[in-house]
Every structure is written in C-alpha cells, then in structure tokens.
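Come along and check each entry against the picture.

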Amino acid sequence: MSDYQFLKPYTFANGATVRNRIVMPPMTERSAFENGIVSNDEIEYYRKRAGGVGIEITGCANVSELGKGFEGELAVNEDRDVPQLARLAAAMKSRGAKAILQIFDAGRMTNTAILRGEQPVSASAVKALRPDSETPRELSEEEVETVIKDFGDATKRAIKAGFDGVEIHGANTYLIQQFFSPHSNRRRDQWGGTLDQRMNFPVGVVEEIRRVVDKYAPSTFIVGYRISPEEIEDPGIRIEDTLTLIPNLIESGIDYLHVSLNRVWQTSLNNKTDTQPLIEKIQNVVAHKVPMIVVGQITKPADAEKVIEDDFEFAALGQELIREPNWVQKVVAGDEDSIRYELSPSDLDELGITAPLWDFLNGPFKKTIHITNA
Ligand SMILES: Cc1cc2nc3c(=O)[nH]c(=O)nc-3n(C[C@H](O)[C@H](O)[C@H](O)COP(=O)(O)O)c2cc1C
C-alpha cells in the first residue's frame, strides 16, 4: 500500500467524509438524450470511474431551458429528469465516491439552433468575443430572479435524486461568470455596475442554494463553487476581482472552492511579470476556511502529491481519468507502471467513451488527450 498524502481521507466541516483527495472534475460526455435526460451509456461511464476517486463530479447540467449550452448536455430543469439522475447518482455512489452534480446556465455561450429558435440570454446584450457568437438578449430583473430560483429548484432535484452535493458552475465563461464580468455585464441596476453589484448574482445563487439545502438536504450535503480566476477581455475579470468575490462566496455558505485552470500552476494571463501561481494567491484568501480543489494537467501521482504537499486539499484529474478510470486503484496496488497516459482508439469500448465524447475529444482536446496513433 502506497503512502501518498493524496490517499488520505478528508472530512468537511459539515461532517461529510471523502475517502481520498482525488477528484474527477466535471467533464461532459455530450451523450444525454435530446431532452437532456441521462442516457444509460453515461451511467456506465461514471460507474467505471467511481471505484477509486474520492469525489466524482458530473458534466454540467442546465438549470433552465434557455440555459442549455450544447447538444447532449444533461438537464436538471424539470422534474422528469429526476428518475434517471437518481440512477446516475446511485451508480456514482455504488463504488464509494461522493456524487456531485454540476449545475449551470450557459447564458450567452449558446445559440439559437441549440435553443430551438429562441435567442440566447445574458446579463447584457453583449456578444462573446468568439467566432460565430450571437448577441444575447438582456435578462429582465424579474427573469434574473427566476434564474436564481431555477438554481434552487435544480438543487432540490439533485437532493431528490440522491446526490451528495452540487457544484455551482461559476466558471468557463457561462452565465454566472457573465454576471461577474465587466465585459458581459453592462447593467446599471442592482445586478451590475460596480464590482459589488456584479457580485450580487453569484452570491444570490449561492444564498438561494444554501436556503434550499438547509431546508431539504441531509446535513452532510456539499455545495461547491467553480471559478475561473481571470478573463483576457478588456474590460474583464482580473485576479483582484476574484480575490474580492471569494470571501463573499465563503460567507454565503459554500463548502468548497474549485479553481478552473488549464494548467494547475499557471500564473496570471494579464500580468506577465507576476510569477506567483494563481492558485497560491487564491489560497492566501481562502486560508483553509473551505477546502480547495485545483485542476489542470495533473496526470502523474507525483503531480497530485505536490498539490497536497503544497496544502491544497484536493487534486482533480480530468483527461487522465478519461484515459485511466482505475488510476487510484493502480496507485493503491503499487501498479503505477500500468497507468495509461495515452488514449488508444481500440480501448474506447472498454473505457465507455461514447461517439459524441470521442468527437469532442478530437476537437478542442486533441492536443492534450494524447491519442496514440494521432
Ligand atoms: C471532455 C471534457 C468535457 C468537459 N466538460 C466540462 C464541464 O461540463 N464543466 C466544467 O466545468 N468543465 C468541463 N471541462 C473542463 C475540466 O473539468 C477540466 O477543468 C479540464 O479538462 C482541465 O483538467 P485536465 O487537464 O485534468 O483535463 C471539460 C473537459 C473535458 C476534457
């Protein structure tokens, strides 16, 4: 038995105990049915990866109809989604992992075709600086309140389905980040304007979810929050803004903070002279008031160990767990030499990789997923 620190359990302040510090971060397989209901292929995909990790997080699930970002995405916006979500949660928990549902709203990061003729919505009518993006419609104040409630209703469904927690997707340029960003949020009402007012939506979502959890969930239910610390747009989110937001999120009752980065130790995208990794700046503010999950090209046991030695609570392995579902078990068995760091097209069935996921991996992830003969 190996004595890596990352194999040690962790107990949250609410009493939830996780068997080790390895997390499968949210990664959509784009394999839900057209109406967002979980497919059996997805259930098997998560079951295959639930045997070793401490926490397994699903790909994003939209909380509202207009919040759908892509085809094959999970949905949690209707009660009819619950029975299959319950089967998914049961499969994830059956082998000892904590099962967390990532909940999100795409905001402007979608299009009229995906929304079956409806115009995308966002904080303001500003389109993303990406090819083919569409100009969204600004949500009315009443609609903003409704979306916040949608996050609460989605959480109630996650509780009903038997998940151990939810992760609020406040990262990767989706709606919650769009409200926090001075690029996408040009409002002058209570939901925009100053930095303080731009925090009202993310904090409002956390407070609503907390209210639902306190009322309906077991005391060990976990509420996580995922952030992207910076944007490159000008104006855009800077690390100082994020360091101001974080204490407010903690105050509002999150149980963990998950920092979304492409490379775990990366430094500022905006201030190239600053050599301190972003996660260290964030750690100084979080100061262990809640645990942190960090992510980004962590693949080898030594990479995960460094994260824990540097006093972060959890290391998430994304693409590595797609390639190697039994990563933790192989480490525990002292069989590290057999850990796969490449993805062979002949292993797709064994790995439970569906056709839509395979297509997606061959797109934006082609350089990092390491396909053997590509
Ligand atoms: C196929 C795929 C799907 C992803 N889907 C999501 C998602 O649904 N939600 C999210 O927050 N991040 C998503 N991500 C980002 C991952 O959670 C993670 O941050 C990223 O892959 C970097 O970690 P890695 O280098 O260990 O793969 C996805 C990544 C991949 C490869």
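Helices and strands here are DSSP runs, a helix having at least four residues and a strand at least two, numbered from the N terminus. I kept in mind that this is a predicted model.

**Entry 1: the ligand shell.** I looked up which elements supply at least two residues of the shell around the ligand, and found strand S4 (55-62) and helix H13 (355-361). H13 gives the largest share, three residues. By class, I noted ten nonpolar, nine polar and one charged residues in the shell. Of the 20 residues around the ligand, Pro26, Arg226, Gln297, Gly318 and Gln319 come nearest.

**Entry 2: polar atoms at the ligand.** Gln102 has a polar side-chain atom 2.9 Å from a ligand nitrogen. Gln319 places a polar side-chain atom 2.7 Å from an oxygen atom of the ligand. For Gln297, a backbone N or O atom lies 2.7 Å from a ligand oxygen. I also noted that the protein covers 92% of the 610 Å² of accessible area that the ligand has on its own.

**Entry 3: helix H7.** How far should the 13 residues of H7 (residues 239-251) span? At 1.5 Å a residue I expect 18 Å, and the end C-alpha atoms are 19 Å apart, which agrees. Among the buried residues of H7 I listed Thr242, Leu245, Ile246 and Leu249. An α-helix has 3.6 residues a turn, so residues three or four places apart point the same way. The buried residues of H7 pack against several elements, including helix H6 (200-216) and strand S10 (222-227). Just after H7, I found Gly253 with a positive phi of about 110°.

Technical notes
Residues numbered from 1 in each chain as written. Predicted model: local features only at pLDDT ≥ 70, side-chain atom pairs only at ≥ 80, totals over all residues. Heavy atoms only, no water. Expected span 1.5 Å × (residues − 1). Buried < 20%, exposed > 50% of the residue type's maximum accessible area, 1.4 Å probe, protein only. Contact = heavy atoms within 4.5 Å. Near = heavy atom within 4 Å. Polar contact = N/O pair within 3.5 Å; in protein donor to acceptor, adjacent residues only side chain to side chain. Areas by Shrake-Rupley, 256 points an atom, 1.4 Å probe, with all protein chains shown as cover. Nonpolar A, V, L, I, M, F, W, Y, C, P; charged D, E, K, R; others polar.
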